[in-house]
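Let's walk through this model together, one neighbourhood at a time.

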Amino acid sequence: MTLRSDAAALLADLVALRRDLHRIPEIGLHLPRTQERVLAALDGLPLEVSLGKNLSSITGVLRGGKPGGTVLLRGDMDALPVTEASGEDFSSTLDGAMHACGHDLHTAGLVGAARLLAARKADLPGDVVFMFQPGEEGWDGAGHMIDEGVLTASGKHVDAAYGLHVSAASYTKGQFTARPGTLMAASGALEVRVKGDGGHGSSPHDARDPIPAACEMVTALQTMVTRTFDVFDPVVVTVGSFHAGTRRNIIPDDAVFEATLRSFSPEVAARVGERAVQVCQGIAQAHGLDIDVTYEPEYPATVNDAAAYDFVADTIRDVFGEERFAEMADPITGSEDFSRVLERVPGAYLFLGACPTDPANAPDNHSPRARFDDSVLGDGAALLAELAVRRLGLLAG
């Protein structure tokens, strides 16, 4: 029996697990109900299980029957602060929380990989670390798990690491895709409070109006992108939150906005935040206003090791057929904290199409209407397990 055929036999159980998780989405680093459900799904497997101290993480170590290296497989578990409108009959039971990014599939798929590999424990030349991670959506769960020792959970440092992410749109169902080098962007958060003096809207000369200056900053940040950074080393700035005032005839004391900054090279990631802060400070000074402005780097770029990418691509083509893999032409501007792992361990991250309809017209990840075809779970679990088996074999020489 192959891993793929064994995974197909597990599919009904994995789908049931995914749908259970979908009904109970939890946000952030603390996911007690999700952790409990995953532990139940792993119960009975020959894993050395440890739980996070400061987050609801689960680390499972499978000891192979023969000596060798260590491979890490990762699945993130957290949901998003989104009220579900997908229409699925297993929709979220909690208002304001939804598995809109497919992490419920990632978790169920990693459970599947654990079951497949546990059945082959005696033949494995080395160990497998299963990284069930909370807090990917802006909470740096990977960083917390690294701080708590996930990369050395087997007693020695991980030799290779792999993970995958499902897509509700963009790719047809069952399509695997990735690229060597930079796969996803680095991200950072810009927070700005422009401070003036409020007054009557009819007499702006008797006040210090923060709104025009804040609006100028929003547009100036776009000019900063095109006039400061090389078009072939791109930067994306999006202001996603802007708040000021209470009524049309009242000049407020302050205006507040927040932006996400995305970039692809370490050099630009190191410069873009500093430059954005300077732009906002300069505009505030020109208007005679005070300002509080901070920039916090979030995740580094997700970079696939070139040799690891070739290994993943060759494995997919061999197991699933040439037509099931396509190389991405360009990186995407989303960010991902698995980048923390890939900074420290050679490995690769990839995408798996899980669109139940036409990808061109489907709601994408993070939409309240996002839907995922969980029939891909068997192939996702089989691939993770196959990568672990083959990589351990190569490490054993």
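Throughout this tour, contact means heavy atoms within 4.5 Å. The structure is a predicted model, in which local features need pLDDT of at least 70 and side-chain atom pairs count only at pLDDT 80 or more, while totals for chains, interfaces and linings use all residues. Residues are numbered from 1 along each chain as its sequence is written, and side-chain values use heavy atoms, with hydrogens and water left out. Helices (H or I, at least four residues) and strands (E, at least two) are DSSP runs, numbered from the N terminus.

Two strands are said to pair if DSSP finds at least two bridges between them.

Now look for Phe130, which is found in strand β4. Is Phe130 buried or exposed? With a relative accessible area of 0%, Phe130 is buried; buried means under 20% relative accessible area, exposed over 50%, and partly exposed in between (1.4 Å probe, protein chains only). Not counting residues up to four places away in sequence, Phe130 touches Leu47, Ile58, Thr59, Gly60, Leu62, Leu73, Leu110, Ala113, Ala114 and Leu117. One of these, Ala113, is 17 residues from Phe130 along the chain, and their C-alpha atoms are separated by 8.9 Å.

In the loop between β16 and α9 you will find Pro368. This proline is partly exposed, with a relative accessible area of 24%. Leaving out residues up to four places away in sequence, Pro368 touches Val82, Thr83, Glu84, Ala85, Ser86 and Met98.

Next come the helix pairs. Two packed helices are described by the angle between their axes and the distance between the axes. The axes of helix α1 (residues 3-23) and helix α3 (residues 103-118) come within 8 Å and cross at roughly 140°. That makes α1 oblique to α3: angles under 35 degrees count as roughly parallel, over 145 as roughly antiparallel, 65 to 115 as roughly perpendicular and the rest as oblique. The crossing of α1 and α3 is right-handed; a crossing is right-handed if the near helix is turned clockwise from the far one by less than a right angle, and left-handed if anticlockwise. Residues making the contact include Leu10, Leu14 and Leu17 of α1 and Ala108, Val111 and Leu116 of α3. By class, this contact of α1 with α3 has 10 nonpolar, 3 polar and 5 charged residues. Ala, Val, Leu, Ile, Met, Phe, Trp, Tyr, Cys and Pro count as nonpolar, Asp, Glu, Lys and Arg as charged, and the others, Gly among them, as polar.

Helix α5 (residues 210-228) and helix α6 (residues 266-286) pack at an angle of about 140°, their axes 9 Å apart. That makes α5 oblique to α6, and α5 passes α6 in a right-handed crossing. Among the residues that meet are Met217, Leu221 and Met224 in α5 and Val272, Val279 and Ile283 in α6. The contact of α5 with α6 has 11 nonpolar, 1 polar and 3 charged residues.

Strand β12 (residues 254-263) runs antiparallel to strand β8 (residues 186-195), and 10 bridges join them. The bridge partner of Val194 in β12 is Ala255. β12 also pairs with strand β10 (residues 235-244), in the antiparallel sense over 9 bridges, where Val236 stands opposite Arg262.

Finish at Thr302, in strand β14 (residues 302-304). Thr302 is buried, with a relative accessible area of 0%. Leaving aside neighbours within four places in sequence, Thr302 is in contact with Gly181, Thr182, Leu183, Met184, Glu336, Ser339, Leu342 and Tyr349.

Conventions:
Axes are lines fitted to C-alpha atoms, for helices over the stretch in contact, and angles run from 0 to 180 degrees between N-to-C directions.
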